[in-house]
Amino acid sequence: MIAFSHSSQKGSHNTQASASGHLPSFYLVRLAHSQYAACNFKLSNNYQYTVLAAFALESSAAPSGADLERRFKLISLATGSKCLPTSRYPVHGDALHDSHAEMLARRGVVRWLYEEVQRALHTAAGSEWIERRPGAAGKWTLRDSCRLHMYISTVPCGDASMRFLASAQDPAMAALKDAAPPAAPPAGAASRGRDGYARHGALRTKPGRADAPPTRCMACSDKIAAWGVLGVQGALAARVFAPVYVSSVIVGDVPPEMRGVVREDCERAFYRRLEEIGDLPEGFQLAKPAVCFTLLDFVHSRAALQALHPQEAPPPSSNESLCWSADSAVGQEVIINGTRRGVGARQRGLEKFRPRLCKLQLYMLCEETTKDLGTTYYEAKKSDVAFQAARHALKGPKGPFAGWVVSGKPWESFDIESHVYDDACLTLKNNKLL
């Protein structure tokens, strides 16, 4: 077994990040890779790369001497590196606008949590992983003995990856950027993609390529940082769950000589740039996940493919995304351009053909759990007072993420039957938010 090391959390009061100092990251990564292989996912082109992300739960309540299979449970896995341009955002909530692996895997966690509540309510033994406690305002929460871990097959896009990307940049492109560096955005505003490698700590939007259409998707580094304050359950599920925090992030594809730099950048991106945050409501905190590395290569990573084909040009990224979550009757599905692969335009509006991780499907799961939602998805997201207070502390005018770009009401004013309210479509003009 290979154990990983992580930086000390001196002075941290974060109990969620207090996972043991020698977690078997080797096993967790192998678990993710094995499940990926079991999905038998076939890319449309064998010489395309993608990113893999996964979430696993660890229980310290397993009997002494129990094997790793009893201690760990993989609950969500996804691949992907694409997102939709703003002009193609769905207003009915029936497609996915961000198909980066980290975002899809996080949505898979949310779906698993909703479904685990139903399993816990309908079995005498309840759940091994979650419980409902009066001290959490009647919400569900991870058991004290459980921790949530995240694996990413490469450094997440955005702030955490700036020096890592710069180290491997094509010399011609580096010279071009040095000759005409992009202008810095206004104070507090998000940077576009990879503009300004040397601007550390900045919020960034996807995609990284400057020639790609603009989006309102924040970089994965920024999203992971936000989960460290608000929890991976998000705004909608905050009606059901107390904040769920990540205890460790295991990163692949980083050579040993770059690990000191990448660890420093990940720690800054995930929590150090938020250390001045204040006025968080009870139950919320700044989580400080341990940053760890693995020697195991993901079979469809860019580095792995280039190692197998050293004479070939660098592989392009795949347009397809695999989504899998544990204990689900649906099992897995493949997403392309925000919708399920193989589903025609006329079928996309039908419930049985929607991506099961889209906003509308998660909204329906939330309704099944709470039986009490607002008129629209947007209203339901805004309904948890404590979550909104924490969000304001993070992304409000005086928060460290004041420049956060949101999709917002124009794309979230749909009800449980996908009807759009409040003239949401009419607030878009020339593909720009008014």
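Which helices each supply at least two residues of the lining of the second largest pocket?

1. The answer is α3 (101-121), α6 (220-230), α7 (234-237), α10, α11 and α12 (385-395). Helices here are DSSP runs (H or I, at least four residues), numbered from the N terminus. The largest share, five residues, comes from α3.

2. This is a predicted model: local features need pLDDT of at least 70, side-chain atom pairs count only at pLDDT 80 or more, and totals for chains, interfaces and linings use all residues. Residues are numbered from 1 along each chain as its sequence is written, and side-chain values use heavy atoms, with hydrogens and water left out.

3. The second largest pocket has a volume of about 920 Å³. Its lining has 44 residues, and R106, K223, K359, K381 and E412 are the closest to its centre. (A pocket is an open set of points on a 1 Å grid where a 1.4 Å probe fits, with protein on both sides within 12 Å along at least five of seven lines; lining residues have an atom within 4 Å of a point. The volume is the space filled by probe spheres set on the points.)

4. Eleven aromatic pairs occur in the structure. (Ring centres of Phe, Tyr and Trp, its six-membered ring, lie within 6.5 Å; planes under 30 degrees apart are stacked, over 60 edge-to-face, the rest tilted.) Y363 and Y377 are edge-to-face, because their centres are 5.6 Å apart and their planes at 90°. Y363 lies in α10 (residues 359-370) and Y377 in α11 (residues 377-381), so the pair ties together parts 14 residues apart in sequence. Both are buried (under 20% relative accessible area, 1.4 Å probe, protein chains only).

Methods. Buried means under 20% relative accessible area, exposed over 50%, partly exposed in between (1.4 Å probe, protein chains only).
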